[in-house]
Amino acid sequence: MAAQFTIPEFENTSLDIIPALASNARGTFRTHKTKSLQWRLVQLRKLYWAMEDYKEQLLAALVKDLHKSNFESIIAEVDWVKKDCLFMIDNLEDFAKDEKLGAPAVPASFSLMKFRTRKEPLGTVLIIGPYNYPVQLLLAPLVGAIGAGCTAVLKPSEMTPACAMVVRELIEKRLDPNAFAVVNGGIPETNALMAEKWDKIFFTGSAQVGTIIAKKAAETLTPVCLELGGKNPAFVTKNANLALAARRLLWGKTQNAGQVCMSQNYVLIDKDIVPTFIEFLKESYKDMFPNGAKASPDLARIVNPRHFHRIKKMLDETKGKIVMGGQLDESELFIEPTAVLVNSVGDAMMQEESFGPIFAIYPVHSLDQALNIAASIHRTPLSLFSFGSKAENNRVLNEMTSGGATLNDTFFHGSVNSVPFGGVGDSGWGAYRGKASFDVFTHFRTVAETPSWADGLIRVRYMPYDWSRLRL
Ligand code: NAD
């Protein structure tokens, strides 16, 4: 049966109306209505039901933009946001309530006074999303903003135009239009948004654009949460379950055709086990794609020709040897899951973020060497993965930092939507998801209250000072 909907053609939001959209959201925040928990719960329920009602449009848009399978789209986009809504609805009262401050934070000498932390919405926030999970990575932060009591303007990626249009309609039709708006477009529209004053900017995307956003935000001392990318290492030692390591690492590169900020860029593996690892990779490939990856209905495509050529260039320029995959078809923006055995740390396959279904394998003599190489490529990656003995995994965690880490698997530290997720150093500032999504849009305001009757007891603070009356 033909679909009962059409996905509108992409259109940029007029630059002229962007200031009014921002000012409307700011004006609504100043009415204080978003501070009511009831109002927030209603918006969260509306978002939940909008995700349910627009599910088919969202799935179709994800196919159109990324050829993303419904399986991945439901789990990592539509149901992801619905689960976020339910988690926030279930926990909001608890997250939002004042917290009493007592001993040991408040010393006995101040016990006459009352201290508490109020959880206050930051205000009106800007959320800028990337293309790879165009629904999840835009709307999951929105769940946090709604929960915290903020109003928001959202800027989806223009590289996934179908998703951007469905998301715009869903927000405009279902949520409070005075509190939430979507601006569609690219750099000019983002620049127009950046010219407005925000109470926080939540940006997910590349480190390059994150730097532009952070610099601009600094001019008005606007706080930013940056969720950026990185060159993520995987470590595989002789003590790993090699078949499992190969299967799981290959799986990481098949999800969304490797267009995942958390997946491995390269694998540092003990030189003696490289041939067996490659055999296991090939076996897993056959299991996942019995008729080849191109024929699989499950594998996404690269988002656009620019990114296709960026990834192709890495394969064209590598001095390494393709040991699995290697097929490309520009007409379909298809790139096969590909592993390249490289012989130099300077190879682009090691040094650039692949953000595609390709990864490097680099043989090492020892875990010491592997740790040194990983730190020299990127000291603070978004993720790392370690497949080794318990002691080796602990050593990797101790000696190399990252935003998050998964042991004996790939990117599961970022696959549970209620567990905090974020980068470190230049892979990101701040975290969200679960309670962290509420916290990232909240001001934790300390309030002190001194009872009037206590004035006689605390007179000592008034001039003229008298040490003899002071008891600390
Ligand atoms: P991007 O930085 O190119 O774009 C992100 C957003 O910024 C888009 O909405 C885009 O319109 C806007 N933008 C682009 N250029 C701009 C400019 N010059 N000025 C102002 N705004 C601009 O990122 P992308 O290509 O959409 O996503 C891929 C990158 O995002 C990768 O580096 C990946 O690792 C990272 N990423 C990180 C996470 C995370 O959670 N840490 C998640 C997904 C993607």
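**Labels and their cut-offs**

Author: This is a predicted model, where local features need pLDDT of at least 70, side-chain atom pairs count only at pLDDT 80 or more, and totals for chains, interfaces and linings use all residues. Residues are numbered from 1 along each chain as its sequence is written.

Reader: What makes N256 buried?

Author: The rule counts other C-beta atoms within 10 Å of a residue's own, with C-beta atoms placed from the backbone: 20 or more is buried, 12 or fewer is exposed, and in between is partly exposed. N256 has 26, so N256 is buried.

Reader: Why does F411 count as buried?

Author: F411 has 22 C-beta neighbours inside 10 Å, so F411 passes as buried.

Reader: What is the phi of N256, and where does N256 lie?

Author: Its phi is about 50°, a positive value, and N256 is not a glycine. Most residues other than glycine have a negative phi. N256 sits in the loop between α9 (242-254) and β9 (266-270). Helices (H or I, at least four residues) and strands (E, at least two) are DSSP runs, numbered from the N terminus.

Reader: And what is the phi of F411?

Author: F411, also not a glycine, has a positive phi of about 20°. Its place is the loop between β16 (404-407) and β17 (421-422).

Reader: How do you know that the bond joining A103 and P104 is cis?

Author: Its omega is about 0°. P104 belongs to the loop between β1 (99-101) and β2 (114-121). The bond from M463 to P464 is cis too, with omega near 0°. P464 is in the segment after β20 (442-449). Most peptide bonds are trans.

Reader: What makes a set of residues a nonpolar core?

Author: Its members are buried Ala, Val, Leu, Ile, Met, Phe, Trp, Tyr and Cys residues joined through C-beta atoms within 7 Å. The largest such core has 121 residues, and I127, V143, A152 and V267 touch the most other members. Helix α5 (residues 136-148) gives the most, with nine residues. A second, separate core has five residues, among them V260, C261, M262 and F411.

Reader: Which residues are closest to the ligand?

Author: P130, G205, V209, G229 and C261 are the closest of the 26 residues that surround the ligand. A residue counts as near if its C-beta atom, placed from the backbone, lies within 6 Å. Helices α7 (187-194) and α8 (207-219) each give two or more residues to this shell.
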